[in-house]
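Subject: Handover of the model

Hello,

Here is the structure I promised to pass on. Please open it next to this email. My notes follow below.

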Amino acid sequence: MTQPVKKYRIAIVGAGPAGYFTAQAFQKAQTEDLIFEIDLIEKLPTPWGLVRSGVAPDHQKIKTVSKVFEKIAMEPNFRLFANVEIGKDVSLKDLRDQYDVVVLATGASIGRKIGIPGEDLKNSLSAAEFVPWYNAHPDFVEVEIDLSTDTAVVIGAGNVAMDIARILAIDPSELDPTDIAEHAIAKLKQSNIRKVIICGRRGPEHAAFTVLELRNLLELENTEVFIDSKQIDEAIKRTLDMGEVEKDLKNNIEAMRNIAIRVKKDVFRKLEIKFLSTPFEIKGQGKVEEIIFQKSKIENGKIIKTNDSFSIKAGLVISAIGYDSIEIPGITVESGRINNIAGHVERNVYTVGWAKRGPTGLIGTNKSDSNDVVDLIIENLKEPKKTDGIVKLLKAGHEVINQQAWDKINHQEISNGKIRNKPRSKISSKSELIQISKQIVQK
Ligand code: NAP
């Protein structure tokens with residue numbers, strides 16, 4: 001006897017890398033009698049999540065992963081519902097009723113706070129505001145940022161801090177052939193910033209930078225990168241004392257050492273990385289003027305705060321110390337991520353990506369992570385429901401951006417970019433994006 005065909009409706013919320021890789025995992029798991037109808041729901045009028053609004057514009061190669069997303073979108077069992085917000089346009093409860101499975105791929109978009117006095121002063125920003133600002137995210141176009149100071153400080157020793165420091169420190173003309181937001185490049189071209197200092201609270205051996213990003217610093221043409229070679233020598237000694245050193249750590253330290261010992265270039269743009277520096281106060285009359293740090297030392301592998309402090313006079317400070325997930329009504333967020341066990345939240349609700357595991361890992365990390373969660377979902381599947389999916393949940397006239405509508409936006413941005421020798425010229429206004437998505441294509 002042949003098995004009856006089972007067809008399941010899957011709603012994935014959030015069209016970033018984790019959402020797309022989840023859709024792909026469902027597509028790969030399909031068989032003749034196990035069918036998945038996948039609806040990818042996205043709050044913004046545009047898909048691709050952090051590939052569009054997170055990855056730095058001078059890292060265009062990383063963005064080529066969007067080609068994979070477009071391939072996933074071409075499959076007949078995939079539909080895009082962009083410009084649809086959960087909790088506003090559709091409730092999570094309705095989604096769970098209408099779908100066999102709901103997967104929350106909603107990321108982590110709230111910038112963590114350092115929790116020190118002065119953090120709320122003007123020109124003290126979070127990576128969660130600055131990064132989407134330079135990447136043309138429609139909700140961050142109006143972020144107020146003053147680049148008239150000569151020095152900026154970036155708190156945190158991870159790849160996001162590094163992206164931010166590079167964008168502030170390099171000659172803005174290097175960003176001309178990229179898809180950086182028009183408003184951001186215009187402002188960066190007026191910037192007076194000539195020195196950017198990244199401050200990590202622990203040692204070089206604890207930095208969260210990855211080696212490619214560190215090596216990339218040596219290739220900057222118009223910016224000198226500094227690391228105190230004494231801090232690196234001490235880190236090398238400490239890591240050797242620890243015994244066997246892991247390959248990634250060894251490579252990172254070597255890359256930092258190459259920066260520290262390099263013959264200095266004669267350029268006036270500087271990017272410095274300081275370690276063992278914990279911020280404890282941001283000072284200024286109404287706006288950021290100075291950041292006070294407490295120095296730390298490392299003894300027997302432990303970070304010990306000393307009584308020594310130092311200050312950096314800087315008119316801009318950006319903290320890049322990680323992100324928390326947004327609250328979704330009916331879902332518990334704990335320690336910045338959605339409460340879950342191996343991706344299972346409760347009943348037919350699951351989570352993937354940063355919403356599931358916190359803000360860690362590279363884009364590719366989401367692929368294996370989504371595969372694992374989809375395996376678990378398939379194990380837990382019950383009899384399929386007979387429902388209508390999202391269409392009946394949306395108010396009449398709601399402007400959904402489907403794949404065809406997104407294709408129009410995508411083509412428009414690429415052709416606008418071509419004229420200016422850019423990979424694309426991003427549109428950052430929601431109403432303009434929606435307008436373009438409705439244009440009739442002339443054949
Ligand atoms: P991250 O890698 O976790 O780094 C966060 C940094 O903030 C750490 O150095 C951490 O120090 C520091 N920090 C945390 N709390 C602090 C506090 N209260 N005061 C001072 N410093 C504090 O996070 P991320 O940079 O946001 O990156 C998120 C993920 O995206 C990472 O996996 C990253 O690799 C990835 N990413 C990749 C790329 C790329 O491939 N090019 C680009 C951007 C982001 P401690 O270690 O002491 O906690």
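A word on terms first: axes are lines fitted to C-alpha atoms, for helices over the stretch in contact, and angles run from 0 to 180 degrees between N-to-C directions. Helices (H or I, at least four residues) and strands (E, at least two) are DSSP runs, numbered from the N terminus.

This is a predicted model, in which local features need pLDDT of at least 70, side-chain atom pairs count only at pLDDT 80 or more, and totals for chains, interfaces and linings use all residues. Residues are numbered from 1 along each chain as its sequence is written, and side-chain values use heavy atoms, with hydrogens and water left out.

**Two helix pairs**

Start with helix α9 (residues 229–241) and helix α10 (residues 247–261). Their axes are 9 Å apart, and the packing angle is about 155°. The two are therefore roughly antiparallel. (Angles under 35 degrees count as roughly parallel, over 145 as roughly antiparallel, 65 to 115 as roughly perpendicular and the rest as oblique.) The crossing of α9 and α10 is left-handed: the near helix is turned anticlockwise from the far one by less than a right angle, whereas clockwise would be right-handed. On the α9 side, S229, I232, D233, A235, I236 and T239 make the contact (heavy atoms within 4.5 Å). By type, the contact residues are seven nonpolar, two polar and two charged. Here Ala, Val, Leu, Ile, Met, Phe, Trp, Tyr, Cys and Pro count as nonpolar, Asp, Glu, Lys and Arg as charged, and the others, Gly among them, as polar.

Next come helix α1 (residues 17–29) and helix α12 (residues 365–380). They pack at about 50°, with axes 8 Å apart. That makes them oblique, therefore, to each other. Their crossing is right-handed. Among the contact residues are F21 and F26 of α1 and V374, I377 and I378 of α12. This contact divides into nine nonpolar, five polar and two charged residues.

**Sheets and a hairpin**

Strands pair if DSSP finds at least two bridges between them. Strand β2 (residues 34–42) pairs with β3 in parallel, over five bridges. There, I38 has F78 as its bridge partner.

Strands β11 (residues 277–283) and β12 (residues 290–299) run antiparallel, joined by six bridges. I282 is paired with I291 of β12. The two strands form a hairpin with six residues between them, and G286 in the turn has a positive phi of about 80°.

**An enclosed strand**

How many residues of strand β7 (residues 151–155) are buried? Five of five, so the strand is largely enclosed by the rest of the structure. (Buried means under 20% relative accessible area, exposed over 50%, partly exposed in between, with a 1.4 Å probe and protein chains only.) T151, V153 and I155 lie on one side, A152 and V154 on the other. β7 runs parallel to strand β8 (residues 195–199), with five bridges. V154 stands opposite I198 there. β7 also runs parallel to strand β14 (residues 316–319), with four bridges. I155 has S319 as its partner in β14.

A161 sits in helix α6 (residues 159–169). A161 counts as buried because its relative accessibility is 0%. Beyond its neighbours within four places in sequence, A161 touches V154, I155, G156, I198 and A320.

Best wishes
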